[in-house]
Amino acid sequence: MNECLLVNVTYTIKEGKREEFFYKINEMGIAKDSRQESGNSKYEYFFSVDCENKLFLMEMWVNEVAQAVHSKTEHYKKLQSLKEEYVTDVSIEKYNIIKC
């Protein structure tokens, strides 16, 4: 059995700015570059159907080391700058899961 790290991130975005934030993430190549990292199995954004100011990110990494390396990349730093402009709150949940 393979174990991996699942990271669920919930962004609360400034009123009316969710689509613009998501567009910038893609325009700047942040999502694409994250998906191409060694050790990344999944990096997907989802729009909340219940709250127009929520954006969810599901990341899956082969282990915590791979996720830690991710947090030192240039595209991760770009995301941090975007968050300063668009995000009012971030909630992060991490789970070690068995991959079937």
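The model described here is predicted.

The ring of Phe 22 pairs with that of Tyr 45: the centres are 5.8 Å apart and the planes stand at 70 degrees, so the pair is edge-to-face. The two residues are 23 places apart in the chain, with Phe 22 in helix H1 and Tyr 45 in strand E2, which covers residues 40-47. Tyr 45 is buried, with a relative accessible area of 9%. Ring pairs also join Phe 22 and Tyr 45 to Tyr 43 and Phe 47 in a cluster.

## Tyr 11 and Phe 21

In total, the structure has five aromatic pairs. One of them is formed by Tyr 11 and Phe 21, with 5.6 Å from centre to centre and 70 degrees between the planes, an edge-to-face arrangement. This pair connects distant parts of the chain, since Tyr 11 belongs to strand E1 (residues 2-13) and Phe 21 to helix H1 (residues 18-27), 10 residues apart.

Tyr 11 is buried, with a relative accessible area of 3%. Phe 21 is buried as well, at 0%.

## Salt bridges

The structure contains four salt bridges. Among them is the one between Arg 18 and Glu 19, with 3.4 Å from N to O. Arg 18 is buried at 8% relative accessibility, whereas Glu 19 is partly exposed at 46%.

A salt bridge also joins Arg 35 to Glu 44, where the closest N and O atoms are 3.7 Å apart. Arg 35 has a relative accessible area of 35% and is partly exposed. Glu 44 is partly exposed too, at 29%.

Within helix H4 (residues 74-86), Glu 74 and Lys 77 are three residues apart, about one turn of the helix. Their side chains form a salt bridge of 3.5 Å, N to O. Lys 77 is partly exposed, with a relative accessible area of 42%. Glu 74, at 55%, counts as exposed, because its value is over 50%.

## Gln 67 in helix H3

Helix H3 runs over residues 64-70 and includes Gln 67. This residue has a relative accessible area of 12% and is buried, because values under 20% count as buried.

Which residues does Gln 67 touch, leaving aside those up to four places away in sequence? They are Leu 5, Val 7, Trp 61 and Lys 94.

Notes: Residues are numbered from 1 along each chain as its sequence is written. This is a predicted model: local features need pLDDT of at least 70, side-chain atom pairs count only at pLDDT 80 or more; totals for chains, interfaces and linings use all residues. Side-chain values use heavy atoms; hydrogens and water are left out. Helices (H or I, at least four residues) and strands (E, at least two) are DSSP runs, numbered from the N terminus. Buried means under 20% relative accessible area, exposed over 50%, partly exposed in between (1.4 Å probe, protein chains only). Contact means heavy atoms within 4.5 Å. Rings of Phe, Tyr and Trp (its six-membered ring) pair if their centres lie within 6.5 Å; planes under 30 degrees apart count as stacked, over 60 as edge-to-face and the rest as tilted.
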